[in-house]
Amino acid sequence: MQQSTVSSLARNTVLWRIVAIIAIVAVLAFMIAQAAQAAPSQAESPAIGAGENRLLQTLLNGVIFGLLLALASVGLSLIYGTTGLSNFAHGEQVTFGAASAFVAVSAGAPLWAAIIIAVFAGAASGWVQDVLLWKQLRKRNVPHMQQMIVSIGLALVLINMMQIWIGPDRLRLSTESPVKKHFGPFALTPQTAMSMLICVIALGAVAYFLMRTRLGRATRAVSDNPALAAATGISVNRVIRVVWMMAAGLAALAGPLLALYGDTLDFTLGSRILLLMFAAVTLGGLGHPFGAAIGALIIGIVAELATVYAPTPDLKYAAVMAILILTLLVRPQGILGRKERVG
Amino acid sequence: MDFNDILQIIISPTTAAFALAAIGLNFHYGLTGLLNMGVAGFMLIGMYGYGISVSHGVPAWLALIIAIVGAILFSLLLGWPTLRLRGDYFAIVTIAAAEIVRIIGRSQWLKDWTGGNTGIRGKDFKGPFEQLSPFPPRLIRVGPFQFHGTLSGSWWLILVGWVLVGVFALLFWRLNKSPWGRVLRGIREDEDAVRSLGKNVYGFKMQALVIGGVISALAGIVWAHGNAISPDSMGRTTTFWIWTMLLLGGAATVFGPILGTALFWAIYVAIKQLAPIVLPNLASTQVEPIALAAVGFGLILLIVFRPQGILGDKREIALNG
């Protein structure tokens, strides 16, 4: 008992550190957004400004990409924590969000509404999946490894359905070409600044949910020990269903934001970052949602730095994979993981 | 529906290559319980090792040795940090390592060696193997089958490919029955029990990883001779296909990987032929995704309703995950 209180206290301080980091990033993002709005686009400023610091700009890009990745990975981590499943179909949830938003935009919805539609569609898909598939597998006591292979099958189904749905071509979510605004050493579009803000708010909301609400506490209890949680009267299946909806919803939010950030989307949008998400989740500690967020930020920064410092920019994902393997060498339980979990 | 196409694909070198890779995976997963999600990476190592060597003037036998040594080193490198860890970590690391191989392969960085994303063309590395062919260099028809005698997906390659499949199936059968195989199966069922008997679990796992890895690398070389060395056709999807083949036939069985691979391709070709008939207003570009989605759906049904596959024994495959 004593032990667990201590560890939960320790985790609380970790939480506050994360909240602080997120808050700093939020303030930064907000200031940049404000400045970008306020400053009229300067015609004379070149594409890569003379005053711009390439390293700082790369770091900022890394933070942006990391935040988007965090949004996508937190759900993966939550699912792993509560059900023990490494969900290989999580990338397709991201694509699903982007595709839904694209279809909504094509139907005439404004972008913000399309993103909201995508989130609801994503959450609904999480619910449907849990009811039709994952709950049945849990009921049949299918081992985790086999469930993982089922998720691989599901990923194959979903990615190909997505290809049939939105076609094999590269699409764009927004037809207006965003203008980069300069602010101090940084350059970014107002749209990207807004995306960062959305990420920070969403991640903050997840943190609040997990730490301060009843259902969130129940979720953490299920993560810790499902049998014990069930014994204390928590409905494990209900918690897992909420987790699936949340995870799929968050991934669906990440989808359109990623599509806006890269200014392109196709049916492989999510599957291309699946391994980055796994890297983030592993780096942070499998099953620790906050760890996933920290891991994602690191992965994002490494990926962007690699575009500058790797022999060729197309090696950036290889750099991330290398980080993943190095993590397992040095600290297999991840940054926030506990040693016993590794087994 | 053209049954000839189906028969043709069943004996084709591609099927032999995949059967070989499935046998390699069978050493990893079927025998030892290692969730190797990077089979395509091992295949790439094999084909790059062989292809780069041959295209730079190394004799074929030495190139083959280089490919095998490459696969052994890759297995050791991969196994060293991960074999002590839980199964899903191993899965994630192998998939990541396979992606690293593919990304480096298709990168502009080593373009002079690997050919970048276009890979290495067949004529740069197939020569030495094709010169060994005992068959005449023309199209040869035998019953319903028609292949070239020597070039690319040839009778020669079919012969070599299926002989390799036979040899390694035999090896699997022999090792599976040996005391060594019993230790591995013990590790698969309960690692701690085997450890408490004083066995070096880590070492045994490493041996299985290396053997399966070398077989996968050979599969890569066979595949490359039937097609070309192209990094992008050896992505995650290929690994998932090989898993489907193994699980379809039955993991931990001698003939499971072979039967599974043959059935997989037969069904895959059949679906591709049937899809436009059943759904007449399907665009031709949608046939491939439909067939692939069907593969995924088949994999789900298989795992849920018959995890042991066609030939497998349900008690054998009870993995404690």
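**Close-up 1. Packing of helices H3 and H4 in chain B of the predicted model.** Helix H3, which covers residues 39-55 of chain B, packs with helix H4, residues 60-82 of chain B, at an angle of about 150 degrees, and the two axes are 8 Å apart. The crossing in which H3(B) passes H4(B) is right-handed. From H3(B), the contact is made by Phe42(B), Ile45(B), Gly46(B), Gly49(B), Tyr50(B), Ser53(B) and Val54(B), while the residues that H4(B) brings to this contact include Ala63(B), Ile66(B), Gly70(B) and Phe74(B). Sorted by class, the contact of H3(B) with H4(B) holds 12 nonpolar and four polar residues, with no charged residues.

**Close-up 2. The side of chain B that touches chain A.** Here 39 residues of chain B are in contact with 39 residues of chain A. In chain B, at least two residues of this side are supplied by each of H4, helix H5 (87-106), helix H13 (236-249) and helix H15 (287-305), and H5(B) gives the most, with 13 residues. By class, the side of chain B that touches chain A has 27 nonpolar residues, together with nine polar and three charged residues.

**Close-up 3. Helix H6 of chain A, its span and its buried residues.** Several residues of H6(A) are buried, among them Thr192(A), Ser195(A), Met196(A), Cys199(A), Leu203(A), Val206(A) and Leu210(A).

Terms used: Residues numbered from 1 in each chain as written. Chains lettered and ligands numbered in written order. Predicted model: local features only at pLDDT ≥ 70, side-chain atom pairs only at ≥ 80, totals over all residues. Axes fitted to C-alpha atoms, helices over the stretch in contact; angles between N-to-C directions. Helix = DSSP H or I, 4+ residues; strand = E, 2+ residues; numbered from the N terminus. Left-handed = near helix turned anticlockwise from the far one by under 90°. Contact = placed C-beta atoms within 7 Å. Nonpolar A, V, L, I, M, F, W, Y, C, P; charged D, E, K, R; others polar. Expected span 1.5 Å × (residues − 1). Buried ≥ 20, exposed ≤ 12 C-beta atoms within 10 Å, placed from the backbone.
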